[in-house]
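Have a look, then read on.

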Amino acid sequence: MKIMAINAGSSTLKWKLFEMPDKTTIASGMIDRLGSPKSVFKLKYNDQKIQREEAIESNEVAILSILDALKDMKIIEKFEDIVAFGHRVVAGGEVFKKSEIVTEENLKKIQQLAEYAPLHNKIESYYISVFKKLVPRAIQVAVFDTSFFVDIPEVNYLYSIDLEDYKKYHVRRYGAHGTSHRYIVSRLNQIVDGGIGDKNAIILHLGSGASISAIKQGKAFDISMGFTPLAGIMMSSRSGDIDFSIIPYLMRKLGISDVSKMIDILNNKSGLLGISGVSPDMRDVEAQEDTNQRAKLALEMYRNRILKFIGSYTAEMGGVDVIAFTAGVGENSTEVREDILSGLEYMGVKIDHDKNAQNGHESRITTDDSTVAAYTIPTNEELMIAQDTYSFAKYLD
């Protein structure tokens, strides 16, 4: 059974085609700079890699270019060979606590939840509509980034604002990257002796966007991101947590009258980029650490913010047994992992430096006698999307 996992952004469209239930990746790819006359089309199938520039100026054309390429390469004979499409949807609010088939009613709810994630839900709901139009016999399934954290304790999801505002307007901590955190929990349950059902874990999803979750006895307990993905630790270009009084203060000083412009600064011109003045990319900042004081400061602040969350989550859960690093930085930066774990030596954490020096694959990176076991685990959100989608589509057989 062929199932496609879709991860759509405003100018990108990432996808993977799976054979289920084998969990085999048949093909994968992405379209970048979507909407441009020089969009970049990429496709990987077995040993073949395709990359070309072409005009892909609408979302419907983007989808057709993928499906047509799969037909041209004989990966599928017809569009209907793909029996189901799973879509990453960022905001499910308190409406969606698990993945759901996208009925017309559910599609309307996803569109209504766009005020929680205006840059994401609108485009994701649009893609769902286009796939329904182009492959009407296929099942469309929405997999929500927020659903993994929707049932964390209210002491952790509530903000200390008037409780009536939460009840009326659902202002609360929703978190993000839930599909990734859920995947890492599933892997930890397989690779940690005895699983983590009776253990406490902290997952560090460190990518361009970054989030830290507390997993208490195998269940989501707390998450660094908040009402939106802007909250939490310092990220590539996002500020993370700040004193909210800074917003009107800087608006006056910078002569900004539109609050959305200030939010844009906090989302796109802050974090590693804002402090280092170099780049939002961790690799670029690390490359200048020895010669650029601002780059060095940015890395020190990044480590500091992460350690604060680890410390607070450890206290909150009454200890930690496992720490997992994932996403682009977490999987591929030996330096970041070592900087963070060295700050936990007081807890009895002992780094296996040889294993930590190896990037991009699943590995335990602490010694056997370390009081906390630390791992690098490459995330696989698309597989989680495919698995959730298969749980509905399997009844078609």
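Predicted model: local features only at pLDDT ≥ 70, side-chain atom pairs only at ≥ 80, totals over all residues.

Residues are numbered from 1 along each chain as its sequence is written, and side-chain values use heavy atoms, with hydrogens and water left out.

The largest nonpolar core has 40 residues. Such a core is a set of buried Ala, Val, Leu, Ile, Met, Phe, Trp, Tyr and Cys residues joined through side-chain atoms within 4.5 Å; buried means under 20% relative accessible area, exposed over 50%, and partly exposed in between (1.4 Å probe, protein chains only). Helix H11 (293–317) is among the elements that supply at least two residues each, and H11 gives the largest share, 11 residues. Helices (H or I, at least four residues) and strands (E, at least two) are DSSP runs, numbered from the N terminus.

Ile202 is one of the residues with the most contacts inside this core. Leaving aside residues up to four places away in sequence, Ile202 touches, among others, Ile212, Ile310 and Ile323, where contact means heavy atoms within 4.5 Å.

Now for the loops. Most residues other than glycine have a negative phi, and most peptide bonds are trans. Yet a cis bond joins Met20 and Pro21, with omega about 10 degrees. Pro21 sits in the loop between strands E2 (13–19) and E3 (24–32). Asn46, not a glycine, has a positive phi near 50 degrees, and Asn46 counts as exposed because its relative accessibility is 56%.
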